Amino acid sequence: MQPPQRRFRLLASLSALTFVASGLAATPGAAAETTASSRQQAYTDAAAEFGVPADILLAVSYLESRWDVNGGLPSTSAGFGPMHLTDAAYVTSLPREEEATDAPAEDSRGDDSRTTVKAPIEQPAEAGADPAALQTLDAAATATGLSKEELRTDVTANIRGGAALLSAYQQELTAPTGANSDVADWYGAVARYSGATDDAAAAAFADEVYATLAEGAARTTDDGQALALTARATTPNRQWLNGLGLRHLQRPDGLECPVNLDCEWIPAPYQVLPGDDYGNHDLGNRPAQQKIEYIVIHDTEGYYPGVINMVQDPTYVSWNYTLRSVDGHIAQHVKAKDVAWHAGNWYVNSKSIGLEHEGFAANGAWYTEAMYRTSSKLVRYLALRLGIPLDRQHIIGHDNVPGITPANVGGMHWDPGPYWDWARYMELLKAPIRGIGTAHGGMVTIKPDYATNQPAFTGCVKKGVLCAAHGSGSVVLRTAPDANAPLLTDFYLNGTKPATMHISDHGARVETGQQYAIADRQGDWVAIWYLGQKGWFYNPPSNPAAVWSTGFVITPKAGKATIPVYGRAYPEAAAYPAGVPVQAIAPLTGYTLAAGQKYVVGNILPSEYYRAVTFDGSSPGDWTVVRGETKYVQIQFGHRIMFVNLADVDIRPAVV
């Protein structure tokens, strides 16, 4: 979800910008860490100081941040450092500037034959923030005697703050304390650390922590520190959860969510509005009537409580699920059988499930491990239940959804943005991104090293200002095999000018997991076909931005100089029954797919249009699927997927 025309951005003052750019690694405490074992020792020392088992401290930190420091940037729920100490009051106190854009608003329903449904101006980021879950840094400051600035910016102080909180929670439960105490008895304190307000959410977080304990973990952090947690099988004493006094939510029958996840039902309203209008979704009968092809990943551009209020507004738009950052709690709003208005493209809406993740595509540089984990479990459950392949042709971002007509392309949203860690997410889905074959296979799968790949984006806090360095799954494309060559051009985003490095401008940007046909190679530079152009990126074996792959590609049939590309796969006119208006098949004329070019095949799809224009299904043909003889091929044409008519192309193996 991105705001339509204007949105509030959190802007840092000059001093705050200096802090964000320097991050945790620039502080005296972090600078003192010169060996790979020093961070591990910091956890050991903090655990001993506050009487917490070191393994508990490490496991909690792993579930929050995977032990990363994220360059000192706050998470999408205002959490700082490896212990994710939250300070929403500080983040939202930074000066704000309202930034206007000239882009048209996205019509969330994405059906140009109906009245547009545009989300109202987004609320300020702090609206609806939960002070308890988003302000744990205050308690850490009290418990340690450290300043809030130290806890935000010094990595060792941050770890000590997390240990102090765990110790305080354990003492309040009158549970056994001490660095050598039984880790099984820390279940209640771990559950409280989640910030959850209901027992199921707190328990789900604690169960993930104890699963991490059982599995063990080892990795090098984003600032080069090697850490390890030795696997140890533990049966937690869940009775300690009872002492937290958390509310208990009844889980209703029919909730579409794995039984081992914390989920609740907060329905999006389906009701009549003035002027023969209705909101905020459409009834359907999926997948019996129409196959669901996609799961679309969004971010909320607002904090969880405020977003939950919005989805319950019948005049607003809708999506299927919302996920909370601090603990991964899930709320379902629209059943899978019905069609939510979330992706800005009616064809995609009618064939997709939409998940909104608490966060900010630009202002929040990282998403919590807790939310990644619950999201991946939900998506895996839905994909297996609905027969959706677990790949990046079907698990897509809102930024991968095409505009339906030339007039709509420029206003399409770009969330979850370049800081969403697709490589980590696909690992959690048990569908890791891997290379297959060699350079002669004719394809690449984008896969930079997330932590060290740090494109120089601008505009995270103010237009033209360099964003703080942070890992990303995005790779930029140039017009020549030269680091100083201009970026490619996206006609609908920048006209005839090159794309920019602005955080929202993906006109010359590919994303982890996306696949492209190789167009050329020069040394360590690789060119791919992208929006009708050759796009070059640097791909040295020592630090690859992509892995070699193999598969199938399309190319225009012989004799066709160019073929059209489409933002939706609608049927031919003859397919529509009497009384049902024919929907236009509108090529995206600003793009060119010429002879000799190749694009990776993502799927072969029937032409379909789901007719749903009235509240009660009373219009001719309402609540039915119109299917034609035309078939389409889904291709990775640029940053977004698009469609070509199967009759216009040949499909062949991608080989050089």
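In this predicted model, the side chains of aspartate 111 and arginine 114 meet in a salt bridge with an N to O distance of 3.9 Å, a salt bridge being a side-chain nitrogen of Lys or Arg within 4 Å of a carboxyl oxygen of Asp or Glu. Local features require pLDDT of at least 70 and side-chain atom pairs count only at pLDDT 80 or more, whereas totals for chains, interfaces and linings use all residues of the predicted model. Residues are numbered from 1 along each chain as its sequence is written, and side-chain values use heavy atoms, with hydrogens and water left out.

Arginine 114 also forms a salt bridge with aspartate 282, the closest N and O atoms being 3.3 Å apart. This pair links distant parts of the chain, 168 residues apart, with arginine 114 in the loop between β4 (96-100) and α6 (136-144) and aspartate 282 in strand β10 (residues 281-282); strands (E, at least two residues) and helices (H or I, at least four) are DSSP runs numbered from the N terminus. Arginine 114 counts as buried because its relative accessibility is 12%, and aspartate 282 is buried at a relative accessible area of 0%, where buried means under 20%, exposed over 50% and partly exposed in between (1.4 Å probe, protein chains only).

A further salt bridge joins arginine 424 to glutamate 369, with the closest N and O atoms 2.3 Å apart. Arginine 424 lies in helix α15 (residues 422-428) and glutamate 369 in helix α13, 55 residues apart, and both residues are buried. Salt bridges that share partners join Glu208, Glu369, Arg373, Lys377, Arg424 and Glu427 into one network.
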